[in-house]
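Subject: Handing over the structure

Hello,

Here is the structure I promised to pass on to you. Please open it alongside this email, and I will go through what was found in it.

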Amino acid sequence: MQLQFLILIVLAVTATIFSIVTSIAMVVRKALELGRSRAHARLYQIYSSQVAEFLLIELPALENQPRASDAFRQYESLLSPVKQRLEQMNPSRRRFHRSVLRSVLIDMTQDLTGESAGRLVYFFYSLGFVEEEIQLLQSGRWWIRAQAARHSGLMRARKSITALTAALEDNHPDVRHQAMQALIVLVGVDALSTILRLSRNISQWTAIELSVIVAGFKEEAVPHLIGALESRDQSVVLFAIEMLAEVGFVTAVDPLMNLIRTSRDVKIQACAASALGRLGDERAKTLLTGLLSNRWAPIRLKSLEALGKTGGPDVVKLLTPYLETADAQEKLTAARALATTGVKGLKVLQEYEKRHMDEKADLVRQVLEEFGLEPTHG
Amino acid sequence: MPQKILVAEDQQHIRSLIEYKLKNSGYTVISAEDGRSALEKAGEILPDLILLDVMMPLMTGFEVLAALKSNEKTRTIPILMVTAQSKEDEVLKGLELGADDYITKPFSPNELAARVKTVLLRRKINR
């Protein structure tokens with residue numbers, strides 16, 4: 001009994017000591033963090049003023065045809081006092097100062113254009129930050145690699161292009177995404193070819209990000225998207241088809257028709273047929289008509305839809321017999337396609353609905369209602 | 001006497017850039033780190049121009065702008081809004097509320113100085 005009581009007392013004392021020590025450790029840690037964050041803020045302010053001066057100070061005019069190295073010499077003369085000061089610090093202090101200086105430079109690069117932005121790029125190289133980021137792209141931790149990719153883009157350091165291109169094949173999607181964005185900043189639209197060539201299994205999120213990039217370049221992106229139609233990865237091809245339809249540039253018609261003829265992938269063929277419809281080009285009509293007898297239903301349905309979007313009296317004539325088909329999905333798609341062609345197609349649907357009072361016209365009635373038209377038989 | 005410019009910007013690095021550029025262009029610069037202190041300082045010093053960032057703590061640039069325009073003492077002070085490039089709606093809202101001009105981030109410091117000069121000149125002519 002006494003032993004049990006003693007054990008309980010010892011346990012209680014141990015638990016109390018443990019919680020006191022933990023609390024003290026937490027308080028000390030918080031205090032250290034606070035101190036560090038205050039020191040960071042103070043140093044950030046100092047470096048902000050200093051870097052602002054470096055970026056905006058008027059430098060002596062160079063000769064008529066100055067070499068890049070002449071300008072670099074001038075920039076280096078601005079930086080040398082800072083470099084000397086950093087060299088005199090102990091390693092831990094130097095690391096801290098360099099991290100603050102880097103964050104000031106990175107923040108500034110996001111808000112500046114013009115000659116000052118050019119100076120910033122030099123500063124990143126000269127202070128060794130570009131090299132550091134390239135090395136961090138090899139880090140074992142994905143979030144460090146992702147941040148390094150982002151910083152490399154912000155630093156506008158073309159030296160990082162090779163490392164960023166390799167990062168496009170990183171295991172982590174965030175790293176791939178940041179590398180993609182950085183390459184677009186560094187290389188421009190031409191980076192799209194590399195990005196699409198190296199992309200695998202494009203996720204929905206990446207597709208959204210990429211589509212924003214493509215939308216920014218519009219028709220400039222078309223040749224790169226056409227190139228991506230040859231990718232072996234289905235997701236890349238589907239993305240390229242979707243974006244070609246979205247950009248809506250006619251040079252995409254022939255490559256898309258060629259893709260339908262050569263691909264053996266039903267999903268790709270169906271998607272390409274749909275894209276041809278969205279492009280609405282007359283040249284695609286013969287091919288799309290031929291696809292109406294394809295053995296695969298998705299291709300047939302997408303071709304019906306596409307023909308509806310292409311429009312014209314010949315299409316109305318072509319689609320009308322499909323209202324008699326026994327396949328409900330095909331009938332519905334044909335009815336919608338007819339409605340899409342315009343007044344003539346809608347008239348065909350209305351006449352069909354008038355002729356058939358029974359459930360045979362139910363799907364047609366549904367389509368008429370979808371297009372805001374009152375069916376004769378309710 | 002040099003003209004007084006109030007810079008209302010919460011981000012230290014941008015504030016430093018703007019301060020340096022404007023001081024070097026011959027203006028007296030007073031800074032505010034948030035919307036509320038910008039409003040207080042504007043009432044106290046009655047600057048010749050206010051450079052007003054949209055996104056600020058305590059009071060947004062729009063709230064400051066509306067308050068300045070509704071005050072008899074400060075309503076005539078010209079305002080130059082600083083907005084993000086992609087936000088057209090911010091620009092329109094600022095102009096509707098009575099801002100005189102705007103500059104988008106990222107910006108060129110030389111362009112900023114030129115815009116400040118133009119707004120001040122316009123105000124001088126209008127007087």
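Let me begin with chain A: the C-alpha centres of domain 1 and domain 2 of chain A lie 63 Å apart. The domain assignment gives residues 77-83 + 90-164 of chain A to domain 1, and residues 311-378 of chain A to domain 2. Please keep in mind that this is a predicted model.

Next, have a look at two helices of chain A. The axes of α14(A), residues 266-279, and α16(A), residues 297-310, come within 7 Å and cross at roughly 5 degrees. Angles under 35 degrees count as roughly parallel, so α14(A) is roughly parallel to α16(A). On the α14(A) side, the residues that meet α16(A) include Val266(A), Ala270(A), Ala273(A) and Leu276(A). On the α16(A) side, Ile299(A), Lys302(A), Ala306(A) and Thr310(A) are among the residues in this contact. Sorted by class, the contact of α14(A) with α16(A) has eight nonpolar, five polar and four charged residues.

One backbone detail of chain A is also worth a look. Arg156(A) is not a glycine, although its phi is positive, at about 50 degrees. You will find Arg156(A) in the loop between α6 (142-154) and α7 (161-167) of chain A.

Where do the two chains meet? The contact takes 16 residues from chain A and 14 residues from chain B. On the side of chain A that touches chain B, the elements giving two or more residues are α1 (2-56) and α3 (91-111) of chain A. The largest share of that side, seven residues, comes from α1(A). By class, the side of chain A that touches chain B has six nonpolar, seven polar and three charged residues.

Now for chain B, which has an open sheet of five strands with parallel pairing, in the order β2-β1-β3-β4-β5. The edge strands are β2(B) and β5(B), residues 101-105, and each of these pairs on one side only. From one strand to the next, the twist averages 20 degrees.

Two of the strand pairs can be followed in detail. Strands β1(B), residues 4-8, and β2(B), residues 28-32, pair in the parallel sense over five bridges, and Ala8(B) stands opposite Ala32(B) in β2(B). Between β1(B) and β2(B) the chain passes through helix α1(B), residues 12-24, in a right-handed β-α-β crossover. At the other end of the strand order, β4(B), residues 79-84, and β5(B) also pair in the parallel sense over five bridges. There, Thr83(B) has Thr104(B) in β5(B) as its bridge partner.

Which helix packs on the sheet and touches β5(B)? It is α5(B), residues 109-126, which touches β1, β3 (49-53), β4 and β5 of chain B. The direction of α5(B) makes about 170 degrees with that of β5(B).

The loop between β5 and α5 of chain B holds Pro106(B). A cis peptide bond joins Lys105(B) and Pro106(B), with omega at about -5 degrees.

I hope this helps you find your way around.

Best wishes

How values were computed. Residues are numbered from 1 along each chain as its sequence is written. Chains are lettered from A and ligands numbered from 1 in the order in which they are written. This is a predicted model: local features need pLDDT of at least 70, side-chain atom pairs count only at pLDDT 80 or more; totals for chains, interfaces and linings use all residues. Two strands pair if DSSP finds at least two bridges between them. Helices (H or I, at least four residues) and strands (E, at least two) are DSSP runs, numbered from the N terminus. A crossover is right-handed if, with the strands pointing away from the viewer, the path from the first strand over the helix to the second runs clockwise. Two residues are in contact if their C-beta atoms, placed from the backbone, lie within 7 Å. Ala, Val, Leu, Ile, Met, Phe, Trp, Tyr, Cys and Pro count as nonpolar, Asp, Glu, Lys and Arg as charged, and the others, Gly among them, as polar. Axes are lines fitted to C-alpha atoms, for helices over the stretch in contact, and angles run from 0 to 180 degrees between N-to-C directions. Angles under 35 degrees count as roughly parallel, over 145 as roughly antiparallel, 65 to 115 as roughly perpendicular and the rest as oblique. Domain bounds come from an automatic or database domain assignment.
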